Amino acid sequence: MADLFHELLKPPSSADARSNDKAYTDPVALDYLSTLASMSLSQIESSEQQSLAQSSHSLLLSLQALSKRSHKSIINSAANHSHLRTALPALAASTDDLTSAIPKLDNEAVRFSTTYNKSGDNEILNARKRALLLSRNVERLVDVLDLPTLLSTAISTGSSAPAANYASALDLNSHIRRLHGLYVDSPLVASVSAQADDAMQAMAKNLIASLRAPGLKLASALRTTSWLRRVIPDLDSTGAAGNGGGLGALFLVCRLSTLINMLAALEPLRELAEQERIRQQQKPTGSAWSGGQQTERYLKRYIEIFREQSFAIVSMFRSIFPVPTNEATSRTSDQDPLQPIPSALSTFPFHLIEMLMETLRTYLPAVKDQPSRDSLLTQVLYCAGSLGRLGGDFGILLATIDVGEEAEDEWVEVVKRHRLMAGRLESITLITRALRKAFHFVAGLGSGTLGAVLLQPFDLLKTRVQQSGSHSIRAAVRDIAKSPNALTAFWRGTIPSALRTGLGSAIYFTTLNIIRQRAAALPFATVPVVDGHHSSSLPKLSNTANLIAGAFARAFAGFILMPLTVIKVRYESSLYSYKSIAGAARDIYKTERIPGFFAGFGATAIRDAPYAGLYVLSYEQFKKRLSSLHLPRSPIGHTQSGVSMGSSASATINFSSGALAGATCSFISNPFDAVKTRIQLQPREYRNMVQACRKMVMEEGIRSLCDGLALRMTRKAMSSALAWMVYEELIRRAETTWHRTKGHV
């Protein structure tokens, strides 16, 4: 039935089409026709029409949506399909060309791999390797190329801060020398090394020019010669321990050039003196120039400059180039059979003296006035004595100067008066040295007494706390305040404390000064002051020397003042009811005899000796650090020494250093102080240091060794700060006054 419907529904067409349709029938249409045949007529008329209408409408909507979405793709696809007819032949031709070109490409690849193989030697490949290496190390090469510029900059700015810039220049030059040693065949390194050599020659010229500076100081000369030893090592092959060698000769030549330039500045006075001398030869008498006034002015100024500069040259040379020791000389003689070349200083004074003698022989006879001749001769004798302290006294050569027979007696009298004045001056010098030593005693006495009087309440409270073992400062204060006269009670024992502390400080500072002065003469006990920044005029010793000097001085002073210490402690204590100091001394002698006055010396020595040694060491270190913070490093020629530092600044630094050192060392040595106090107050219960320490720890605990720690730290910090500040300021001002007086003399 479905087939019949299908035939009926088909439109009429050609015979070929019908034959094709029979061969192929749409199964969907046949299925629909079968369904339609099975339906009743009423269903076909009613529901099927609506269903067909809905299906037609939905298909229409789907076609419209599809046309909106895909019409461009369909059009493009159609266009591309139309181009396939021409593209496919072109693709086939290209494929044929590629097939024929692949063997050629393979041959070229084989030729390239064999030509530019890494194991082979090819100029282009080597050039590329060098270019790649250069690109990777371009920053290093730039750094190497900048080395001469940095070196020249450090040398050119060395005049403003040579301590830093010259040291940097020497380090840069050493680095360039190492590079040149590693890469001998490198033209670049050779060029950099040549530029560095030129820069170091400029640095050597600057250093030599600095040696010719008129106001050259010893510290600057030491730095300059040390740099010259590194810049031009061939000048002084023996080093600082030798006789100077070529470097010493260079130093003398530079200083001699400075002396000649300074004397050449007197050329106007010399011309006047020369004119006066010529006029005297032409007109012996009756001339206003016959007295030799212009010649006297010239000679006075000449001798003054000569005396100052000659002494400075010789003394500075000896400080920079010290005489080698016997051991060094013997080692040198064992290694070298020839005798060492003598120092340039061995003949240099003769040249200086010949310069002066030649000038005196030429112009001194022109001075006809007797007082003027006496003044000039006295000045020359002082010059001879100045060089005589360095082994160059030329006073005997003055007899070779021909000034006329009538002036010989005058010269003899002048020499006698000069020797008499020199003897008196030597006596005055000895007295001054004795007074300077005594001044240390007076300064120590004043500083110690002042600190003891001001801080006596702290010492009294410390003694009461340590004797009671209650560990309470408030209880001790309340106990003292219950006295009839509370204010006076806090200063109980001031007299023995002031006597002990004042005399102890005087003996301690005097002994310490003597030890430090002796230690300053030992080369291994001193340290150089590089920058000159310090707040004290005392000797600068090494840490070990400061430790030993402080410990020994304190132990010696403590032994001498031990009786006063025992009397002070018992007089301050509430365990004894002494009415007077004399009564305390009589009672101690009556009950314990002489050993009673030295009770607790072992604990005192063990406490004070390490304390004092550590204190001096800490004090010097704190002072050094605070001084460097207060005064930054200055350029050459503008460094400030401790004497030139302001009084307020030096006093502040010394006070702060003393307080910090006192607090630190008091904390360390407080257990010994607590044991010492128990032995001195109760010698029958606490017989010695070991037994007393064991008894205190067993009965009262380890805390008993810290009794009075806060009070002792406060008192020691304040007393040490006051004592050292007053002592340092008195010595500093005295040293300034002595130097000023010495300069006037």
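How many disulfides does a search of the whole structure find? A disulfide here is a pair of cysteine sulfur atoms within 2.5 Å, and the search comes back with zero. Before going on, keep in mind that you're looking at a predicted model, where local features need pLDDT of at least 70 and side-chain atom pairs count only at pLDDT 80 or more, while totals for chains, interfaces and linings use all residues. Residues are numbered from 1 along each chain as its sequence is written, and side-chain values use heavy atoms, with hydrogens and water left out.

Let's start with the big picture. The chain has 27 helices and zero strands; both are DSSP runs numbered from the N terminus, with helices being H or I of at least four residues and strands being E of at least two. Of its 745 residues, 37% are buried. Buried means under 20% relative accessible area, exposed means over 50%, and partly exposed is in between (1.4 Å probe, protein chains only). Cys 254, at 4% relative accessibility, counts as buried, and so does Cys 383, at 0%.

Now zoom in on helix α11, residues 267-282. (The expected span is 1.5 Å times one less than the number of residues.) Leu 269, Ala 273, Glu 274, Glu 276 and Gln 280 are the buried ones in α11. Look down the axis of α11 and its buried residues fall within an arc of 165°, so they line one face of the helix; the arc is taken from the directions from the helix axis to the C-beta atoms. Turned away from that buried side, you'll find the exposed residues Pro 268, Gln 281 and Gln 282. The cover over the buried residues of α11 includes α12 (293-320) and α14 (348-363).

Next, the inside. A nonpolar core is a set of buried Ala, Val, Leu, Ile, Met, Phe, Trp, Tyr and Cys residues joined through side-chain atoms within 4.5 Å. The largest one has 66 residues, and those with the most contacts inside it include Phe 251, Tyr 298 and Leu 356. Helix α12 gives the most to this core, with 11 residues. Leaving out residues up to four places away in sequence, Leu 356 touches Tyr 302, Ile 303, Phe 306, Cys 383 and Phe 394, where a contact means heavy atoms within 4.5 Å. Apart from this core lies another, of 19 residues, among them Ala 443, Phe 509, Ala 553 and Val 616.
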